[in-house]
Amino acid sequence: MSGSYASRLSEYHNKGVCGLPERFDSSRSIQLKIRKLTELVKKSKHTVVLTGAGISTAAGIPDFRGPDGIWTKEQEENKKDKPDSKRKKTTPPPSKKRKREPVV
């Protein structure tokens with residue numbers, strides 16, 4: 001993990017779902033998308049490209065939520081640091097329990 005990069009990040013609690021596998025397009029799908037993009041760029045007068053999260057992972061820049069993502073590894077470390085007593089299931093308070101009717 002890029003520890004020096006992660007250490008510079010500000011605290012962020014709403015990390016979403018972490019650890020999902022990365023998905024890749026097939027070679028055929030990529031070729032079709034490249035052709036379409038090429039047509040669009042050639043026909044356009046001006047071109048602006050906005051990329052989303054994940055575009056940098058192919059370039060070797062670490063992601064956040066992937067299996068080896070910064071936040072995924074952070075969550076794994078936090079789980080190791082918590083005592084087992086905090087992970088045990090608790091019984092709901094009596095007022096929250098569903099009452100059963102007696103069977104006659």
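**Close-up views of a predicted model**

**View 1. Lining of the second largest pocket.** Ile30, Lys33, Ile34, Leu37, Thr47, Val48 and Val49 form the lining of the second largest pocket in this predicted model. By residue class, that lining is made up of five nonpolar residues, one polar residue and one charged residue. The space inside the second largest pocket comes to about 170 Å³.

**View 2. Ser26 in the loop between helix 1 and helix 2.** Ser26 sits in the loop that runs between helix 1 (3-7) and helix 2 (27-43). With a relative accessible area of 42%, Ser26 is partly exposed, because that value falls between the limits of 20% for buried and 50% for exposed. A polar atom of the Ser26 side chain lies 3.1 Å from the backbone nitrogen of Ser29.

**View 3. Helices of the protein chain.** Three helices and zero strands are found in the protein chain. Followed along the sequence, the pattern is α-α-α. Helix 1 covers 3-7 and helix 2 covers 27-43, with Ser26 in the loop between them.

**View 4. Surface and contacts of the protein chain.** The protein chain has 104 residues, of which 8% count as buried. For contacts between residues at least 6 apart in sequence, 68% join residues at least 24 apart.

Definitions and conventions. Residues numbered from 1 in each chain as written. Predicted model: local features only at pLDDT ≥ 70, side-chain atom pairs only at ≥ 80, totals over all residues. Heavy atoms only, no water. Helix = DSSP H or I, 4+ residues; strand = E, 2+ residues; numbered from the N terminus. Buried < 20%, exposed > 50% of the residue type's maximum accessible area, 1.4 Å probe, protein only. Contact = heavy atoms within 4.5 Å. 1 Å grid on protein atoms, 1.4 Å probe; cavity = no way out; pocket = protein on both sides within 12 Å on 5 of 7 lines; lining within 4 Å. Points joined across faces, edges and corners; volume = space filled by probe spheres on them. Nonpolar A, V, L, I, M, F, W, Y, C, P; charged D, E, K, R; others polar. Polar contact = N/O pair within 3.5 Å; in protein donor to acceptor, adjacent residues only side chain to side chain.
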